[in-house]
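Please keep the structure in view while reading.

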Amino acid sequence: MVDVKISKVPGDQPARSDCSAAQVPMSLTDVPSVSLAQVADILGSDSIYRGTQAIEQVHFRGAVGDNRKVRASNLFLAMPGAHVHGMAFASQALKSGAACLATTPSGWEQYGETLPEETPVVISENLPKRAGEISALAWGHPFRRLRNFGVTGTNGKTTTTFMISHILRALGHKTGLMGTVCVDIDGHAQPAELTTPQPWDVQGIGALMVDRGIQDCVMEVSSHALTLGRVRPLVFDVAAFSNLTQDHLDFHSDMEDYFLAKAKLFKAENSRTQVVLIDNPWGLRLAKELGNFPHVHTLSLTGGQARWQGQFNVEKDSAEGGATLTLKQSDNPAEELRVYIGLPGVFNVENAALALVSVLAAGHTIPEISQALGPRFMPEIPGRMELVGSAPRVVVDFAHNPDGLEQALSSLQKITEGKLIVVFGATGERDRDKRPKMARIVAAYADAVFVTDDDPHEEDPAQIRAEVMAGFDNEPEGYAINVDDRAKAIDWAIKLAKAQDTVLVAGRGHESHQALGRAMIEMDDRVLCREALRRHHGGGAQ
């Protein structure tokens, strides 16, 4: 059988904690052969076939939407792009070994005449909507052979997925993870391109997980993915909701539209069991709308009426500033799960409780999990409240929206003896309304502030910083310093800090490259922080 290779997924070298790994393509030898006629059936009666060979006789294995990832016998999905239609790259895909194509009428009209007459092509307006189903067919419906956990919400998706994976591995399961930080298959990881990959990548990675003997797949599911159908037709065994706060309003028309996109994951056709944290208005609304669904597991840490009840105590004297969580089921209060969460912040207790209930909802028991985890739950989540220095304390976090910043700052303020110093900015080409809001939140907690560039993309960095600085209009002159070089801002903040102070570097977390214009510049906040600690404090780096 022909080997089908995909290059996006991880290689055979152990991943470091930052989820980087050698990009070694892996072969998939059991992907079934599929007829192009089956693709036409999915696309519907309006699809058109062009080619000299009978459509039933055209076969392929695997599907990709990037001509650079095409391998022998693949189907190339030539999709409309933000700037260029995928059909512009059809000739390169064929040269790389693509067996056939699927595209839209507009793509065919622009580029169809450039292809050899014998090229097998299916053309349909339905292709963008049906790409998920086609990709699942092309890769052998891998998720039917996995137990699947999906996590959505504005903040906490990454941390919660890492926590679920950590618990499952402690239980002896082989897990795969897809999310903002990386794609990880049983400890072999590679940096991610999107929070939720494109549908052909989702299914291809799923096929690789099956090939590698994975039992459980844990996935971050973004609102973009739900709106654009990237996870279709995957049905999650467990779907979990963390919270909803302002973000991505450059993509969604308003918060209602944002919520409705997230809520799609919890429909019966998309998930079998639902877990909802109700300690926020949107979670409470979602739980009420789900009503008497038989498999809904509601969760509260504030005394709300929920199936699962949690209580916690922040351990201020612990090095991590973590908390001890006690979790009970309302109809069986005698049995409880008690564990120390080794990450700072109430929001991390919420993330841990959501992860634990998700695993419990999947059928595992409190005694099982207690024995597997022991008394301390200490998962490592790259770029999420990641401690990179101790004297001064230096923390790198992905917080890039108002709620995320407030949660990080309020948590650090409680465990900081000295000053709280913050380095942050705002992403370009995204929701501009949140920029001054983020500044006002920072002003409520921080003693000193450095406003710098996050990922400007193709927006003017100086204009972005100016819009952030506008939120400090009620603060004294010199309180917030505008610095056009992120490395310089980090260095300045750490140089200023004393041993008892805390420096929060927010916004980019695990990211190792900065998007400046159309260029990607190597930049890792954690590396910059460690270098500054060595320069100014003689070490102190973790």
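Two strands are taken to pair if DSSP finds at least two bridges between them. Helices (H or I, at least four residues) and strands (E, at least two) are DSSP runs, numbered from the N terminus. The model is predicted, so local features need pLDDT of at least 70 and side-chain atom pairs count only at pLDDT 80 or more, while totals for chains, interfaces and linings use all residues. Residues are numbered from 1 along each chain as its sequence is written, and side-chain values use heavy atoms, with hydrogens and water left out.

Strand S19 (residues 323-329) and strand S20 (residues 332-341) run antiparallel and are joined by seven bridges. Within this pairing, Thr-326 stands opposite Arg-338 of S20. Both strands belong to an open, mixed sheet of twelve strands, ordered S13-S12-S11-S14-S10-S15-S16-S17-S18-S19-S20-S21. Its edges are strand S13 (188-191) and strand S21 (376-377), each of which pairs on one side only.

Helix H6 (residues 199-211) lies across strand S11 (175-178), strand S12 (182-185) and strand S14 (216-220), and runs at about 165° to S11. Such angles, from 0 to 180 degrees, are taken between the N-to-C directions of axes, which are lines fitted to C-alpha atoms, for helices over the stretch in contact; contact means heavy atoms within 4.5 Å.

A second open sheet, also with mixed pairing, has five strands in the order S4-S9-S8-S7-S6. Strand S4 (48-50) and strand S6 (63-64) form its edges, each pairing on one side only. S6 runs parallel to strand S7 (residues 75-78), to which two bridges join it, and Val-64 stands opposite Phe-76 in S7. Helix H4 (residues 127-138) packs on this sheet, where it touches S6, S7 and strand S8 (100-103), at about 165° to the direction of S7.

Aromatic contacts complete the description. Rings of Phe, Tyr and Trp (its six-membered ring) pair if their centres lie within 6.5 Å; planes under 30 degrees apart count as stacked, over 60 as edge-to-face and the rest as tilted. The count by this rule is five aromatic pairs. Phe-241 and Phe-266 have ring centres 6.1 Å apart and planes at 75°, which makes the pair edge-to-face. Because Phe-241 lies in strand S15 (residues 236-241) and Phe-266 in the loop between helix H8 (255-263) and strand S16 (271-277), the pair ties together parts 25 residues apart in sequence.
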